[in-house]
Amino acid sequence: MSRGLKTTIAILAVMVVFGVITLPSLRQAIQRLSGPPKTEEQARRDVMQVPISTPTDVKVKAQVYWLSASSMASLEATTIELPLSADPVERSKQLLVALITSAPTPAQHTLPPDTSLLAFYLQPDGTAIADFSDALPAGTPSGILSEQLVVDSVAQTLAANVDAIRQLKILIHGQEAETLAGHLDLSGLFPVSSPAPVPPPAAAPTPAATAPGQAKPTVPVATPSAPATQVPH
Amino acid sequence: MRRKPISIFLVLIVAGVAALQASPQTQTPQPPAPQGAPQASPQTLPQPAAPRSALTAVVLDPAHGGADQGARGASGIAESDIVLSFARLLRISLEAQGLRVILTRQANDDPSFDDRSKMANAQRGAIFITLHVSSTGPAGTVRVYSLPQQPAGASASSTPRTGLIRWDAAQQGYLDQSRKLAELIQIQMAQRFQGSPETPAAVAVRQLRTIAAPAVAIEVSSVSVPDRTPLDQMAPLMADGVARAVGAFRTVYETGVK
């Protein structure tokens, strides 16, 4: 075998190995380019809603309030394992991101899944300020009941997992909004009180109501007839 | 002839002195506003007159309208159309009780929240009912809402010195009456529409906040039905139930029973 042939075979071999190594990433890039273009909202969400991790994160069983699988007119607590920070602000962000992105089923979402949590602040008096993207009012079904459930799911999720929060203010894209989606008044503060202790669930969860890695859902604790969801001023 | 201007001048002085003496009596101690709460609106309303007047009018508010259709069903049902139909039917039932009925909109227009409130706040002896159809919830049920109670220490509904009611907290002085009206209507709805709750909910509905009268919201579920027939069938029953509840509320309103 001539020396030139050997060199050619060696170069070809190197190229094949290089091709094998880069093939998966090339395939991903092609898939990404062939998909629909990202909206500005989705792009912002990709940047803002990366998993939040802090040095004090500890995996705990958190109670998150989504729509009940049996009744779309009430919430129910679902226990999921989440890495949560000891810092109340970071902990609240982690919980709200989970509330937006990790509903057991699409039908149980309370906040629209393309909503971004833009900012979260906690004042010394226990007033939390959650700033959501425009996707929240745009994607929330219009109605007193549906808008109340959105706010209740945020307030009850925070109440169940963050001790320092007493009341909640909701902003939309940094601004105070008159209503969430035409009905619920966002000008005031929503009380954040710990939900009453619920008895342990009596029955095993149905597969439809439980996503992988999630614990048993508890009985519904919020109904439309539950009193006082907001403090208007 | 020359005495007339002097007498007018004296009347004005007496009226001015009387107003100065009356002014401190209308002042009420004001608890501090909570941190983070928006500042008081400069707009104010006169405080409700005592003794209470008779209940003579109902302001019906078909929500949304114009470009704002409210909740939209997949089949094209628009909340703004349905609530206008409800309001027209309810008007007949209420007028049959001898009540004057004012609609905040008669056609497909969209007055602002404040414009609707102005119509209600211009009436004496009136109650306010805003009508809605939801996007979600068990079809064929009806929920009634009033504003929640304000916690101790929250900002007051009346302004210092003048005793006038703050426009943006006009409902605060009527929460008990509104709750009572909501209870009476919700009982009627629960009797007529299976699955409806037995008791009303306290929710911060924006339209109610600026109403200086007993005020409730009624929301029917929902626009998700395949066509509007089931909603149209609910309308006469709902009108009858609301009219009965309003009739029962007249006693509460006129006697001040709690």
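In the predicted model, strand E5 of chain B, residues 142–146, runs parallel to E7(B), and the two are joined by 2 bridges. Within this pairing, Tyr145(B) has Ala201(B) of E7(B) as its bridge partner. Both strands belong to an open sheet of 6 strands with mixed pairing, whose order is E3-E2-E4-E8-E5-E7 in chain B. The edges of this sheet are taken by strand E3 (100–103) and strand E7 (201–202) of chain B, each of which pairs on one side only. Strands of a sheet pair through backbone hydrogen bonds, in either the parallel or the antiparallel sense.

The peptide bond that joins Ser221(B) and Ser222(B) is cis, with omega of about -15 degrees.

Two packed helices are described by the angle between their axes and by the distance between the axes. In chain B, helix H2 (residues 79–95) and helix H6 (residues 229–255) have axes that come within 9 Å and cross at roughly 40 degrees. H2(B) and H6(B) are therefore oblique to each other, and their crossing is right-handed. On the side of H2(B), the contact is made by Ile82(B), Ser85(B), Phe86(B), Leu89(B), Leu90(B), Ser93(B) and Leu94(B). The residues contributed by H6(B) include Leu231(B), Asp232(B), Ala235(B), Pro236(B), Met238(B) and Ala239(B), and also among them are Asp240(B), Val242(B), Ala243(B) and Val246(B). By class, the contact of H2(B) with H6(B) comprises 13 nonpolar, 2 polar and 2 charged residues.

Chain A contains an open sheet of 4 strands in the order E3-E4-E5-E6, again with mixed pairing. Strand E3 (117–122) and strand E6 (190–191) of chain A stand at the edges with a single partner strand each, so one side of each is left without a neighbour in the sheet. E4(A) and E5(A) run parallel and are joined by 6 bridges; in this pair, Asp131(A) has Leu171(A) of E5(A) as its bridge partner. Strand E5 of chain A, residues 167–172, pairs with E6(A) in the antiparallel sense over 2 bridges. Here Gln167(A) stands opposite Pro191(A) of E6(A). The loop between E5 and E6 of chain A holds His173(A). Although His173(A) is not a glycine, its phi is positive, at about 50 degrees.

Two helices of chain A lie across strands of this sheet. Helix H3 (residues 88–101) of chain A lies across E3 and strand E4 (127–132) of chain A and runs at about 145 degrees to E3(A). Helix H5 (residues 144–161) of chain A lies across E4, E5 and E6 of chain A, and its direction is at about 135 degrees to E5(A).

H3(A) and H5(A) also pack against each other, at an angle of about 135 degrees and with their axes 10 Å apart. H3(A) and H5(A) are therefore oblique to each other, and H3(A) passes H5(A) in a right-handed crossing. In this contact, Arg91(A), Ser92(A), Leu95(A), Leu96(A) and Leu99(A) of H3(A) meet Ser153(A), Val154(A), Thr157(A), Leu158(A) and Asn161(A) of H5(A). The residues of the contact of H3(A) with H5(A) divide into 5 nonpolar, 4 polar and 1 charged.

Confidence values were also examined. For the complex, the predictor gives an ipTM of 0.79 and a pTM of 0.74. The average pLDDT of chain B is 83, and 75% of its residues score at least 70. Over residues 9–42 of chain B the pLDDT is below 50. Beyond near neighbours in sequence, the stretch of residues 9–42 has 34 contacts in the model.

Methods:
Residues numbered from 1 in each chain as written. Chains lettered and ligands numbered in written order. Predicted model: local features only at pLDDT ≥ 70, side-chain atom pairs only at ≥ 80, totals over all residues. Pairing = 2+ DSSP bridges. Contact = placed C-beta atoms within 7 Å. Axes fitted to C-alpha atoms, helices over the stretch in contact; angles between N-to-C directions. Parallel < 35°, antiparallel > 145°, perpendicular 65-115°, else oblique. Left-handed = near helix turned anticlockwise from the far one by under 90°. Nonpolar A, V, L, I, M, F, W, Y, C, P; charged D, E, K, R; others polar. pLDDT = per-residue confidence, 0-100.
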